[in-house]
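Please look through the sequence and the structure shown here before reading the briefing that follows. The notes after them are grouped by topic.

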Amino acid sequence: MALTIEDGTGVAGADSFNTVETCSAHAVAYFGASLTGSTADKEAALRRAWVFMAALDWLPGLWPTFGGAIPQPVKLAQSVFARAEFKAAGFLSPEIA
């Protein structure tokens with residue numbers, strides 16, 4: 001299932017700030033190598049990173065539209081979180097004791 005990209009306008013059903021291609025470009029730029037594996041697995045990691053980011057304590061009015069544009073650091077943060085999730089599914093999940 002293709003990602004629905006939030007562009008800062010409050011896209012209904014959005015589940016990512018980034019495309020797989022953007023996330024892969026970030027991986028090359030910041031980690032020296034693109035992610036290997038299926039597009040579906042990369043999309044799933046981006047969705048898990050999206051859910052993780054949605055649970056963060058954002059400043060009022062900044063989630064999910066950021067006033068009409070998604071700042072580059074937010075997109076990069078999702079890519080970094082997604083990379084961690086892609087490498088180890090569940091990395092961003094809390095441990096419940």
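**Briefing on the predicted model**

Not counting residues up to four places away in sequence, Q78 touches D15, S16, F17, N18, L46, A49, W50 and M53, where contact means heavy atoms within 4.5 Å. This is a predicted model, in which local features need pLDDT of at least 70 and side-chain atom pairs count only at pLDDT 80 or more, while totals for chains, interfaces and linings use all residues. Residues are numbered from 1 along each chain as its sequence is written, and side-chain values use heavy atoms, with hydrogens and water left out.

**Confidence**

- The protein chain averages a pLDDT of 88, and 91% of the residues score at least 70; pLDDT is the predictor's confidence in each residue, from 0 to 100.
- In the protein chain, confidence is lowest in helix α3 (residues 72–87), at a mean of 93, and highest in α1, at 95; helices here are DSSP runs (H or I, at least four residues), numbered from the N terminus.
- Where pLDDT is low, the predicted coordinates should not be read in detail.

- Q78 lies in helix α3 and counts as buried because its relative accessibility is 0%; buried means under 20% relative accessible area, exposed over 50%, and partly exposed in between, with a 1.4 Å probe and protein chains only.
- Q78 and S16 are 62 residues apart in sequence, and their C-alpha atoms are 8.1 Å apart in space.
- F81 also lies in helix α3, but F81 counts as partly exposed because its relative accessibility is 23%.
- Leaving aside neighbours within four places in sequence, F81 is in contact with A49, F52, M53 and L92.
- From F81 to S93 the separation is 12 residues in sequence and 11 Å in space, C-alpha to C-alpha.

**Salt bridges**

- A search of the whole structure finds two salt bridges, a salt bridge being a side-chain nitrogen of Lys or Arg within 4 Å of a carboxyl oxygen of Asp or Glu.
- R47 forms a salt bridge with D15, and the closest N and O atoms are 2.7 Å apart.
- This pair links distant parts of the chain, with R47 in helix α2 and D15 in the segment before α1, 32 residues apart.
- Both R47 and D15 are buried.
- E85 forms a salt bridge with R48, with the closest N and O atoms 2.5 Å apart.
- Because E85 lies in helix α3 and R48 in helix α2, the pair ties together parts that are 37 residues apart in sequence.
- E85 counts as buried, at 1% relative accessibility, whereas R48 counts as partly exposed, at 32%.

**E43, a buried charge**

- E43 lies in helix α2 (residues 39–54).
- E43 is buried yet has no salt bridge, and the nearest side chain of opposite charge, R47, is 4.1 Å away; Lys and Arg count as positive and Asp and Glu as negative, while His and the chain ends are not counted.
- E43 touches M1, A2, L3 and V20, not counting residues up to four places away in sequence.

**Nonpolar surface**

- Y30, F31 and V80 make a nonpolar surface patch of about 300 Å²; such patches are made of residues with over 30% relative accessible area and no salt bridge, with like charges joined within 9 Å and nonpolar side chains (Val, Leu, Ile, Met, Phe, Trp, Tyr) within 5 Å.
- F31 lies in helix α1 (residues 20–31) and counts as partly exposed, at 41% relative accessibility.

Technical notes. Helix = DSSP H or I, 4+ residues; strand = E, 2+ residues; numbered from the N terminus. Areas by Shrake-Rupley, 256 points an atom, 1.4 Å probe, with all protein chains shown as cover.
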